[in-house]
Amino acid sequence: MTGTSVAPRRQSRQAIRTRERRRGRVRLITAISASTVVLMAAAGGWLYYEFDGNIDSFGAEGLSKDRPAAGFGGQNVLVIGSDSRSGDNARMGGGGDDFGRSDTAFLLHVYGDQKHAVAVSIPRDSLVDIPSCRLPDGTWTAPQTGVMFNSAFSVGRTAKGNPACTQNTVEKLTGLRVDHTVVVDFVGFSKMTSAVGGVDVCLPNDVYQGDLNPNLGSKGRLIFPKGPRTVSGQEALDYVRLRHGIGDGSDIGRIKRQQAFVASLVKKVKGQGFSPTTLLPLADAATKSMTVDPGLDSARKLFSFAMSMKDIDLHDTKFVTLPWQYQGNRVAIVHPDADTLWDAIRNDRTIDGRNARGKQQDDKPPAPATAGPSPVSGSGISVAVLNGTATPGLAARAAEMLKGSGFTVTGTANSRSHQGSATAITYGPGQQDHARTVARLFPGAELRPSGTPGVTVTLGQAYAADPSPTGSAPSTPVPTAVPSQVAGTARSADDDVCSNLSYG
């Protein structure tokens, strides 16, 4: 009996010790896991703290008080390349003034579905209207008309430039609300290319020192042989700044190569994956080089925005240039092609005309079939009316219709030339929205931008044949595609690095 009772007791003690060892291991694993989570959280917090200390931001007090309305669901980000020669940037770009300059800018539109994006380059020599901008002493400048686009960044002549003035100018130019603005300087750009291990580029021909520096006085040594290569640091900066010796030596040609460079950079980052190993060195370099608007003034905000673009396919990342033509040694923006491009972006239409607003917008229930058109209100809008037909009294008739909808008619007269079939509505700088409201009363009317202030309706034969307004929709439908000359020259981020590199 005694022998048989001892064995169960030993087995019981052994089972207890086994359970205690297991509990100990579980407690140890739990403790290690909890410690790991705490350490990771602490490390993440520390990294955010470190990156936050890197970021500079500009104040919102310089932004215009009269801004376009927000879009459907996409986001617009203005990216400005600053070539200030102040501080560490002097050794990257060589001497010159120490106030901020910008020769590179593009408006990045991330569509509402977060699966498409387009970057629209704005040539630095484009002749635009610059609205009133805030100076460092708090005063505001007088508006400027028909001046070079890149001069907006230099308003106030400060080392950091004037990104708020450039943002105001872009909003006035496009009619789009800029959600965020990011300025990247020489040093930061150089470090970012190094952080990703270099960027693949291509040269259409051999490039020499004299091409990079025309003041050299000689051809100099070969710095970029023709064909593909990988660049980083100072060499990457030289590549994107290179203008002479390729194509016609124009800024438009340089834009083509800059688009190819940014596309290649996007391709490199996505190819490496959105991992800490890839993103942390890039984030460190980027945050040290950026000046951002208040909406992106923390590492968490920047990372959140960056991650919102991780699902955009390379082929659906497009690069285009604002429609342009030479005007002497400057660049004129081509209308209505530019307006059509901005309208497509405003309505979240891709380069090939697809709706990319995303489910949040597409799933909205349609309006009831019985609902009539919303009434047209012309309150606060002044219009001049011209009769572009041979039908007498037409301008007076249209004026009465406009007055009935609340418009202020500043005058009526006969046009000096016949308009043709369609009614034309011309509008001055910053008055596109007013022109669109007027167009709702003139089905089929053509909207035409003008350098002359105000809105003018020139009546055509279509109005003479049927002067009854519908008020049902704007005269121009939601665009289904951007102009073919824009779409035909678009670059995708997955294009061959050696294709479509220069203009001229």
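Me: Buried means having under 20% relative accessible area, exposed means over 50%, and partly exposed covers what's in between (1.4 Å probe, protein chains only). So why is Cys 202 called buried?

Reply: Cys 202 has a relative accessible area of 4%. That is under the 20% cut-off, so the word buried applies.

Me: And what is Cys 498 called, at 35% relative accessibility?

Reply: Cys 498 counts as partly exposed, because 35% sits between the 20% and 50% limits.

Me: Before we go on, what am I looking at?

Reply: This is a predicted model, where local features need pLDDT of at least 70 and side-chain atom pairs count only at pLDDT 80 or more, while totals for chains, interfaces and linings use all residues. Residues are numbered from 1 along each chain as its sequence is written, and side-chain values use heavy atoms, with hydrogens and water left out.

Me: How confident is the predictor, on average, in the protein chain?

Reply: Confidence here is pLDDT, the predictor's score for each residue from 0 to 100. The protein chain averages 81, and 80% of the residues score at least 70.

Me: Where does pLDDT stay under 50?

Reply: Residues 28–46 are one such place, and residues 471–480 are another. If contact means heavy atoms within 4.5 Å, then residues 28–46 have 0 contacts beyond four places in sequence, whereas residues 471–480 have 26.

Me: Back to Cys 202 and Cys 498. What makes them a disulfide?

Reply: A disulfide is a pair of cysteine sulfur atoms within 2.5 Å. The sulfur atoms of Cys 202 and Cys 498 are 2.1 Å apart, so the pair passes. The torsion about their S-S bond is about 90 degrees, so the disulfide is right-handed. Cys 202 lies in strand β8 (residues 199–203) and Cys 498 in the segment after β21 (491–492), so the link ties together parts that are 296 residues apart in sequence.

Me: How many disulfides does the structure hold?

Reply: There are 2. Cys 133 is joined to Cys 165, with an S to S distance of 2.1 Å. That link is right-handed too, with 75 degrees about the S-S bond. Cys 133 is in the loop between β5 (127–130) and β6 (144–148), while Cys 165 is in helix α3 (residues 163–174), so parts 32 residues apart in sequence are tied together. Both of these cysteines are buried. Numbered in sequence order, the bonded cysteines pair 1-2, 3-4.

Me: What counts as a helix or a strand here?

Reply: They are DSSP runs, numbered from the N terminus: helices are H or I with at least four residues, and strands are E with at least two. The protein chain has 15 helices and 21 strands.

Me: Which residues is Glu 446 in contact with, neighbours within four places left aside?

Reply: Ala 422, Thr 423, Ala 424 and Ile 425. Glu 446 sits in strand β19 (residues 446–449). Glu 446 and Ala 424 are 22 residues apart in sequence, and their C-alpha atoms are 4.8 Å apart in space. At 35% relative accessible area, Glu 446 is partly exposed.

Me: What is the difference between a cavity and a pocket?

Reply: Both are sets of points on a 1 Å grid over the protein atoms alone: in a cavity a 1.4 Å probe fits but cannot get out, while a pocket is an open set with protein on both sides within 12 Å along at least five of seven lines; lining residues have an atom within 4 Å of a point. Points are joined across faces, edges and corners, and a volume is the space filled by probe spheres set on them.

Me: Which residues line the largest cavity?

Reply: Its lining is Ile 80, Ser 102, Ala 105, Phe 149, Asn 150, Phe 153 and Thr 166. The largest cavity holds about 30 Å³ of space.

Me: And how many residues line the second largest pocket?

Reply: That pocket is lined by 34 residues, and Asp 129, Lys 172, Leu 173, Pro 429 and Gly 430 lie nearest its centre. Its volume is about 1000 Å³. Helix α3 gives the most to this lining, with 6 residues.
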